[in-house]
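Colleague: I would like to learn how to read a structure like this one. Please take me through it feature by feature.

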Amino acid sequence: MAEDELTGPESTMGYEQARDELVDVVRRLEAGGATLEESLALWERGEELARICRGFLAGARARLDAALAEPEAGGSAAGSGAGAEA
């Protein structure tokens with residue numbers, strides 16, 4: 001999973017924290033007023049935060065896909081269309 005590849009402070013950053021910081025970076029870029037160097041640094045940070053978020057989302061998607069692929073526990077037919085036979 002992509003988040004396993006992280007090192008440094010980002011390795012302990014959760015999805016919500018990365019998302020919130022990304023939102024802040026976008027707001028700061030949209031507000032303008034930053035120098036070119038500051039804007040480039042913000043853009044680079046935003047790209048890194050977006051990569052972190054994509055890694056978490058890809059991991060969550062893989063977990064959902066795996067859960068949906070497992071046979072239902074306890075023999076429950078819920079969600080399998082069993083009620084359509086009546």
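Modeller: We will go through helices, the core, an aromatic pair, salt bridges and one cysteine. This is a predicted model, in which local features need pLDDT of at least 70 and side-chain atom pairs count only at pLDDT 80 or more, while totals for chains, interfaces and linings use all residues. Residues are numbered from 1 along each chain as its sequence is written, and side-chain values use heavy atoms, with hydrogens and water left out.

Colleague: How many residues does α1 have, and what span does it reach?

Modeller: Helices are DSSP runs of H or I with at least four residues, strands are runs of E with at least two, and both are numbered from the N terminus. The expected span of a helix is 1.5 Å times one less than its number of residues. Here α1 has 17 residues and reaches 24 Å from its first C-alpha to its last, close to the expected 24 Å. Just after α1, Gly32 takes a positive phi of about 75°.

Colleague: Which residues make up the largest nonpolar core?

Modeller: A nonpolar core is a set of buried Ala, Val, Leu, Ile, Met, Phe, Trp, Tyr and Cys residues joined through side-chain atoms within 4.5 Å. Buried means under 20% relative accessible area, exposed means over 50%, and partly exposed lies in between, using a 1.4 Å probe and protein chains only. The largest core here has seven residues: Met13, Ala18, Val25, Leu42, Leu49, Ile52 and Cys53. Two elements, α1 (15-31) and α2 (36-69), each give two or more residues to this core. The largest share, four residues, comes from α2.

Colleague: Is Cys53 buried or exposed, and which residues is Cys53 in contact with?

Modeller: Cys53 is found in helix α2 and is buried, with a relative accessible area of 7%. Contact means heavy atoms within 4.5 Å. Leaving aside neighbours within four places in sequence, Cys53 is in contact with Tyr15, Ala18 and Arg19. Cys53 and Arg19 are 34 residues apart in sequence, and their C-alpha atoms are 6.5 Å apart in space.

Colleague: How many aromatic pairs does the structure hold?

Modeller: Rings of Phe, Tyr and Trp (its six-membered ring) pair if their centres lie within 6.5 Å; planes under 30 degrees apart count as stacked, over 60 as edge-to-face and the rest as tilted. The structure holds one such pair. The ring centres of Tyr15 and Phe56 are 6.5 Å apart and the planes are at 70°, so the pair is edge-to-face. Tyr15 lies in helix α1 and Phe56 in helix α2, so the pair ties together parts that are 41 residues apart in sequence. Tyr15 is partly exposed at 23% relative accessible area, and Phe56 is partly exposed at 22%.

Colleague: How many salt bridges are there?

Modeller: Side chains of opposite charge can pair when their charged atoms come close. A salt bridge is a side-chain nitrogen of Lys or Arg within 4 Å of a carboxyl oxygen of Asp or Glu. By this rule the count is five. In one of them, Glu21 pairs with Arg45, with the closest N and O atoms 2.8 Å apart. Glu21 lies in helix α1 and Arg45 in helix α2, so this pair ties together parts that are 24 residues apart in sequence.

Colleague: Where do Arg28 and Asp24 lie?

Modeller: Both lie in helix α1, four residues apart, about one turn of the helix.
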